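Please open the model in your viewer and keep the sequence panel beside it, as this tour moves from one selection to the next.

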Amino acid sequence: MLTSKEQKRAADEISNSSNVIGKGTVLEGNIETYGNIRIEGRIIGNIKSKSKIALGNASHVEGNIIAQNADLEGEVRGKIDVSEMLVLKSTAVIHGDISTGKLVVEPGALFNGSCKMGSPIKDIKLGENGARTPHAQEIRLN
């Protein structure tokens, strides 16, 4: 049986993890993580993080984004839900609705959709995508 101190340490280690999807990588499927994730490639699917999502300027996401914080430089086609702060950098291109606590938009960013700010976002829950088969996700390298 784990003590509460051991459980807290394990949770901290998970939330401090970092993930990178490199430039030139194409991933088809949903991503869920407790830690930070940086995406330089292309994702066809939804991305969910209890921490921060960062999209590089050459990144493309075709799916919804749910995160605590996000810095977006690339292109997103989908709904974006950020519980704390969303930053749209000057190279960001967003096609979809945004719901966030706080929004920063740099000059040059493009946004086509509606925006709702300040309303509380429900807690980010991982593992709620319904029943999955062990091989439901596929990674393609081009």
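Begin by selecting S59, which counts as buried because its relative accessibility is 1%, where buried means under 20% relative accessible area, exposed over 50% and partly exposed in between (1.4 Å probe, protein chains only). This is a predicted model, in which local features need pLDDT of at least 70 and side-chain atom pairs count only at pLDDT 80 or more, while totals for chains, interfaces and linings use all residues. Residues are numbered from 1 along each chain as its sequence is written, and side-chain values use heavy atoms, with hydrogens and water left out.

S59 sits in the loop between β7 (52-55) and β8 (60-62), the strands being DSSP runs (E, at least two residues) numbered from the N terminus. Its side chain reaches the backbone oxygen of G56 at 2.6 Å. Now display the surroundings of S59: leaving out residues up to four places away in sequence, S59 touches I39, E40, G41, G74 and E75, contact meaning heavy atoms within 4.5 Å.

Next, select S49 in strand β6 (residues 47-49); S49 counts as buried, at 0% relative accessibility. The side chain of S49 reaches the backbone oxygen of G35 at 2.7 Å, and a polar atom of that side chain lies 2.9 Å from the backbone nitrogen of S51. Among the residues that S49 touches, not counting those up to four places away in sequence, are T33, I66 and I124.

Finally, select strand β14 (residues 98-105), which runs parallel to strand β12 (residues 80-88) and is joined to β12 by seven bridges; here K102 is the bridge partner of M85. Three bridges also join β14 to the parallel strand β16 (residues 115-117), where M117 stands opposite T100.

Definitions and conventions
Helices (H or I, at least four residues) and strands (E, at least two) are DSSP runs, numbered from the N terminus. A polar contact is a pair of N or O atoms within 3.5 Å; within protein, one must be able to donate a hydrogen and the other to accept it, and residues adjacent in sequence count only if both atoms are side-chain atoms. Two strands pair if DSSP finds at least two bridges between them.
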